[in-house]
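Colleague: I'd like to learn how to read helix packing. Can you walk me through it with an example?

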Amino acid sequence: MDLGGLGREEEVVRAVDEAGEMIRSIFEKFLQTFTTQESKEGDIPKYMEQIQTMRNNDRNTLYVDFQDTVIYHEVMAEAVEREYYRFDTYVRKALQNVVRKDDPNYVRGLPFTDSASFCHSTSTPGLTLNLL
């Protein structure tokens, strides 16, 4: 295979998707901090509570209400909706990072799955994220 003149000594520079990294960062903060209007002071953020339940039940899927992402950061939500396949990896990485901060061994113990989906129906729009 011709690598366009690259020798063994030369390193290939990996491109960084800056928008993807920004989506990952914002989505991590969303998972860690999002509360509903019904939340009381001292309540665990909505998705942190769901992540705890997910871990306690040995699950690897988190369900995110798309409207919550719109409320939290409309630009992020629109970007994920428009270019889901571009940002899918970054959104799942955000979930992995949040879970790893709390329990570093949990992610390693789960079976590998490479699926995630974006559901935007009129009844229940949302994100279904598999941890791995």
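Modeller: Let's go through two helix pairs, one after the other. Keep in mind that this is a predicted model.

Colleague: At what angle do the axes of H1 and H4 cross?

Modeller: Start with the axes. Helix H1 covers residues 18-33 and helix H4 covers residues 74-82; their axes cross at roughly 120° and come within 10 Å. Angles of 65 to 115 degrees would count as roughly perpendicular and those over 145 as roughly antiparallel, so H1 and H4 are oblique to each other. Their crossing is left-handed.

Colleague: Which residues of H1 and H4 meet?

Modeller: On the H1 side you'll find Ile23, Ile26 and Phe27, and they meet Met76, Ala79 and Val80 of H4. Sorted by class, that contact has 6 nonpolar residues, with no polar and no charged ones.

Colleague: Now H1 and H5: how far apart are the axes?

Modeller: The axes of H1 and helix H5 (residues 84-102) are 8 Å apart, and the two helices pack at an angle of about 40°. Angles under 35 degrees count as roughly parallel, so this pair, too, is described as oblique. The crossing of H1 and H5 is right-handed.

Colleague: What meets what between H1 and H5?

Modeller: H1 brings residues including Ala19, Glu21, Arg24 and Leu31, while the H5 side includes Arg86, Tyr90, Lys93 and Val98. By class, the H1 and H5 contact divides into 10 nonpolar, 3 polar and 6 charged residues. Look at Ile23 and Phe27 as well: both are among the H1 residues that meet H4, and both are also listed in the contact with H5.

How values were computed: Residues are numbered from 1 along each chain as its sequence is written. This is a predicted model: local features need pLDDT of at least 70, side-chain atom pairs count only at pLDDT 80 or more; totals for chains, interfaces and linings use all residues. Side-chain values use heavy atoms; hydrogens and water are left out. Axes are lines fitted to C-alpha atoms, for helices over the stretch in contact, and angles run from 0 to 180 degrees between N-to-C directions. Helices (H or I, at least four residues) and strands (E, at least two) are DSSP runs, numbered from the N terminus. A crossing is left-handed if the near helix is turned anticlockwise from the far one by less than a right angle, and right-handed if clockwise. Contact means heavy atoms within 4.5 Å. Ala, Val, Leu, Ile, Met, Phe, Trp, Tyr, Cys and Pro count as nonpolar, Asp, Glu, Lys and Arg as charged, and the others, Gly among them, as polar.
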